[in-house]
Each structure stands twice: as structure tokens, then as C-alpha cells.
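Here are my notes for a first look. Please read them with the model open.

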Amino acid sequence: MIYIKLLLSFLIIGFTSFGGTSMIPLISEQMTVNGWMTAAEVSDIVAIAEMTPGPLGVNCSTFAGMRTAGPLGALCAMIGVMMPSFTIALFAAVFMAKFRESRLIKGILYGIRPVCVGIVASVIVTLSISNYAGAVYGTDPAAIFIGVVAFIMMFLFKWSIPKTILLSGILGLCTVWLPF
């Protein structure tokens, strides 16, 4: 039964999100509503999924399914999240030539852009609250410090994401030994 619930939950996530970071609030909601994970565990899975190669939604679904119901759960969640994209891509490929210059399609895509920006902003706020000012631990100065350093390195010094993740990991390890 858990396998069917995972498949259906991630099928819904796949059909109602636009991929990437827009899936995170939906994954978080499904995991917490079904009692499969806490918000902190979802945040950890998102961090792991961001660091591993591949699409964020597929990585998150695989890790969440594995954590919830083992290898078969990972497979069910992954199939669920990929099925909508595969189906839509198949139909889009068939009809793309016909609708390429359609004003309706151009209008729909124009309207979807601000929604995607809003969803990404929501993810940023949600993850910031759970990582920097979580209800369980209160405000975490070490996490805030690491976040500020990572931001500076990426946006001012143009560091790549892997370098920034490595630096953040090292700083995180240092906070274990240094009191903040």
C-alpha cells in the first residue's frame, strides 16, 4: 500500500509542479502530511538531492522513496515523478510544430513565468526558515554565517556551485569544533 501511495503522491507532484525547485514545497507537503518525514528531514533530502548529479525532482523523489519504503519505494516515487514529464514531453513533441506560432501558447507561457518565480521565492523562504530559524533549534548563528559566506562567494566572487558546497561543508564541520 505504501508503494501505491508513494507512486500517487509523486505522480501528483509531477503533474502539479514545473520541475526543479518548484517541486520542493509539494514534496515537503506530501512527506509531512503523510507522516513519512519531518520538515527537517525533507530539508536534508533537498540538500543531498542538490549535491548529486541529475534532476532535482528525480533525486528528491528517489531519496524520499528510499527513506520511506526502501528500494521499491524509491522506484515507485521516481516513476511517479517522471511519468507526467514523460507523458507531457511525448505529447509536446507530437504537437510542437502545429502550435509553434500560436498566440494562445505564447500567452500561456508568458503567464507561467511569474508563477515559477513566485514558487522559487516560496522555496527560498521556506528553506531559509527551516535552516536558519527553525522552530526546534531557534536561530542558528553558524548556519547564518555559512549562508552569508556562501552567498558572498557565489555572487561576488563568482564561485561555482560545487566549490561553494565544498566550502559550506568544511565550514559546517568547523562549527562542530568551534563554539558559536
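1. Contact here means heavy atoms within 4.5 Å. Leaving out residues up to four places away in sequence, Met31 touches Leu6, Phe10, Trp36, Met37, Val42, Ala64 and Thr68.

2. A word on the basis. This is a predicted model, where local features need pLDDT of at least 70 and side-chain atom pairs count only at pLDDT 80 or more, while totals for chains, interfaces and linings use all residues. Residues are numbered from 1 along each chain as its sequence is written, and side-chain values use heavy atoms, with hydrogens and water left out.

3. Now the core. A nonpolar core is a set of buried Ala, Val, Leu, Ile, Met, Phe, Trp, Tyr and Cys residues joined through side-chain atoms within 4.5 Å; buried means under 20% relative accessible area (1.4 Å probe, protein chains only). The largest one has 21 residues, and Phe10, Ile27, Met31 and Cys60 have the most contacts inside it. Helices H1 (2-16), H2 (24-33), H3 (39-51) and H4 each give two or more residues to this core. H4 gives the most, with 7. Helices are DSSP runs (H or I, at least four residues), numbered from the N terminus.

4. Look at Pro84. Pro84 sits in helix H4 (residues 56-99). Its relative accessible area is 0%, so Pro84 is buried. Beyond its neighbours within four places in sequence, Pro84 contacts Leu11, Gly14 and Phe15.

5. Which residues of H6 are buried? They are Ala142, Ala143, Ile146, Gly147, Val149, Ala150 and Met153. Seen down the axis of H6, these fall within an arc of 165° and so line one face of the helix; the arc is taken from the directions from the helix axis to the C-beta atoms. They pack against helices H5 (103-132) and H7 (161-177).

Key: Buried < 20%, exposed > 50% of the residue type's maximum accessible area, 1.4 Å probe, protein only.
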